[in-house]
2 protein chains.
Amino acid sequence: MALIVKKFGGTSVKDAERIKHVAKIITDDYKKGNDVVVIVSAQGDTTDDLIDKAAELSQDPSAREMDMLLSAGEQISCSLLAIAISQMGYNAVSLLGWQAGFKTDSNYGSARIKKLEAERVKAELSKNNIVVIAGFQGINKYDDITTLGRGGSDTSAVAVAAVLKADLCQIYTDVDGVYTADPRKVKNAKKIKEIAYSEMLELATLGAQVLNNRSVEMASKYGVELEVLSSIEDKPGTIVKEKVNMEKILVRGVACDKNVARFSIIGLQDTPGIAFKVFNELAKQKVNVDIILQSVGRDGTKDISFTVPKDQEKTARKAIEELKGHLQFKTFETDDSVAKLSIVGAGMETHHGVAAKMFEALYDANINIQMISTSEIRVSVLIALSDTDRAFNAVHDAFFEK
Amino acid sequence: MALIVKKFGGTSVKDAERIKHVAKIITDDYKKGNDVVVIVSAQGDTTDDLIDKAAELSQDPSAREMDMLLSAGEQISCSLLAIAISQMGYNAVSLLGWQAGFKTDSNYGSARIKKLEAERVKAELSKNNIVVIAGFQGINKYDDITTLGRGGSDTSAVAVAAVLKADLCQIYTDVDGVYTADPRKVKNAKKIKEIAYSEMLELATLGAQVLNNRSVEMASKYGVELEVLSSIEDKPGTIVKEKVNMEKILVRGVACDKNVARFSIIGLQDTPGIAFKVFNELAKQKVNVDIILQSVGRDGTKDISFTVPKDQEKTARKAIEELKGHLQFKTFETDDSVAKLSIVGAGMETHHGVAAKMFEALYDANINIQMISTSEIRVSVLIALSDTDRAFNAVHDAFFEK
């Protein structure tokens, strides 16, 4: 007799067969006496197809109209799923984002949930309905439809779970849990049974791509227990929660991010305020700067290197070129043949030598480290893109049994 | 400087090219200083595709969920059209049925508009926006999405035109106006310049299929002047209004409806209340009975014949079979190889001999009349389906020059 929120991604509902299978997963839990709220993404390629339709009409469609357009995708999938559940003999009702009470800001395309007024959802639950909510969407104060950005359905699910104080929020995907590394890349990768929010957050950020980052932040903030599991195979997934059993596990996982480009600005004046001016300009252009490395000044000049997501390389390049007018520097170079490899583990906070062990593994594999960045629970290194697979396996095997 | 409402059907916006063309039609009028409100249907086959998706999941999906599903079609087309208009350099905003203020009853699948609260539409117009509204849809008092039924976008358009007191409501279709008969069937068919609401109503009902019936009723009630015109060719269409030039025109058009099945109940008791019992049962089963013919009683029994739409034949048959328990009758027969041919014209009210001229034309063509039904401005006959094309041409040519 629990309240369970279940979120299904686009692959899980891509066709009639998959929808029927998802309906079975849902009703199996409902039959046991649980209340079930479902969040669903748009079917398979629907979102991409809609984006293509808009692209045929405009190079630069308005964000408001794109949200109007794309939100139709979840509208289709949520009604289809409700129909499939009803066909199995259970009461189901589909709700759009605005009907479910998702109030967002007006940041079309990547809106943030400001409030979730879940009265309607509660009322439908009290009528013993299985509630199927269109993920990824809400409305702003003008009553216009907004979307939460790609992967936003995870956030929708966590928000509903938080407001309804659900016992569990299950995120069904096409993998069966969170692994110590990407199983397609690292042959010895192992499924993680439990992982802390903070660790999951670093892994999501670092390209593990299992859970949307904002949804993990929100889960952590409201203490929503998450489970990442497969919508195809019926077996336990990975639990994400506040406190996990630390034992002697120092490193929870290894992640690799290839969506990285490195910038180096060479020969900047070694005076105060230079770094501020560089990163302020990048922030104004909405470039997400990740690792930053500043050389010690020499001969009155210094170098600054940093990484940005590959798809922001053009914007960052333009920003730096514009800076050339105000700031004196010799030259700048960019390199997008790089990757970021990271180890994550809450245990690092209290243990020394973890970074050293990583560097040793890379040294043994004869891999050059270009940049290093660390946080309390993470060590990241920038390496050549061509070294990625070897580095990934070497680091993973250093921390996990083969 | 007028306010013009324009409605575009699914064929008119079926792909990017068509959408761009429609955007041009809209902005051409906007450029002249007019306020323009657009109602748009779902693209081409979208509605049918969505129905197919539901059919894969359920034989009998709930009407509420079907409305949720199908309304996504207009959501896609209205945002795409707004994007196309913006791309041409004009301000456009898309609105869903509920955003545009369409309040309906809860008759999912064929809801009626109860109220149109057009404040948002007016506000957008005052901001010089071209307003693109998703046709066919609204919300009920539970904040659930409803649809107005197939062809409901015409009704949406007329409702907006009525509430905004628009100067003209243009219904763009894939034909360029209303004809004296279906041009695909009758080679001498001519385009009608002006037609009265009452005549259009009879023609719509009788299968001319140019304008949705309810939309004509509503236009008549609120005095909204309609124009039916082509979304492809730029030429005047047919104006539908209250008073039209009667001249010596007795018959405005000839229409043919093949969606007809005839029922005959033979040997009913010739006592009072029999007809009531028959048609009350059919009404309870929501069967739309059209022509009714009751024979004069003889030997204490009488026969009743009537027609129903072909797609209600099964329901009607069941109703009659159930009646057999309560009512005594010998047998009943059905025939769906029939068609209804009608002439329509407001001039008939004051002129005699119109029906006789129709019967003469049919007699000359050696076509047998199975049933006859008349109203003030209409004469309909039931004929064999195989005679349809010959009859259609013969009757048309009797009233219109070749």
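Residues are numbered from 1 along each chain as its sequence is written, and chains are lettered from A in the order in which they are written. As this is a predicted model, local features need pLDDT of at least 70 and side-chain atom pairs count only at pLDDT 80 or more, while totals for chains, interfaces and linings use all residues.

**View 1. Where chain B meets chain A.** Here 27 residues of chain B are in contact with 27 residues of chain A (contact: C-beta atoms, placed from the backbone, within 7 Å). On the side of chain B that touches chain A, helices H1 (16–31), H2 (46–57) and H3 (63–87) of chain B each supply at least two residues. H3(B) gives the most, with 13 residues. Helices (H or I, at least four residues) and strands (E, at least two) are DSSP runs, numbered from the N terminus.

**View 2. An open sheet in chain A.** Four strands of chain A line up in the order S13-S18-S20-S19, with antiparallel pairing (strands pair if DSSP finds at least two bridges between them). S13 (253–257) and S19 (371–375) of chain A are the edge strands, each pairing on one side only. Five bridges join S19(A) to S20 (378–384) of chain A; look for Ser375(A), whose bridge partner in S20(A) is Arg378(A).

**View 3. Helices across the sheet.** Helix H6 (197–208) of chain A lies across S13, S18 and S20 of chain A, at about 30° to S13(A). Helix H10 (354–364) of chain A lies across S18, S19 and S20 of chain A, at about 20° to S20(A). Axes are lines fitted to C-alpha atoms, for helices over the stretch in contact, and angles run from 0 to 180 degrees between N-to-C directions.

Notes: Two residues are in contact if their C-beta atoms, placed from the backbone, lie within 7 Å.
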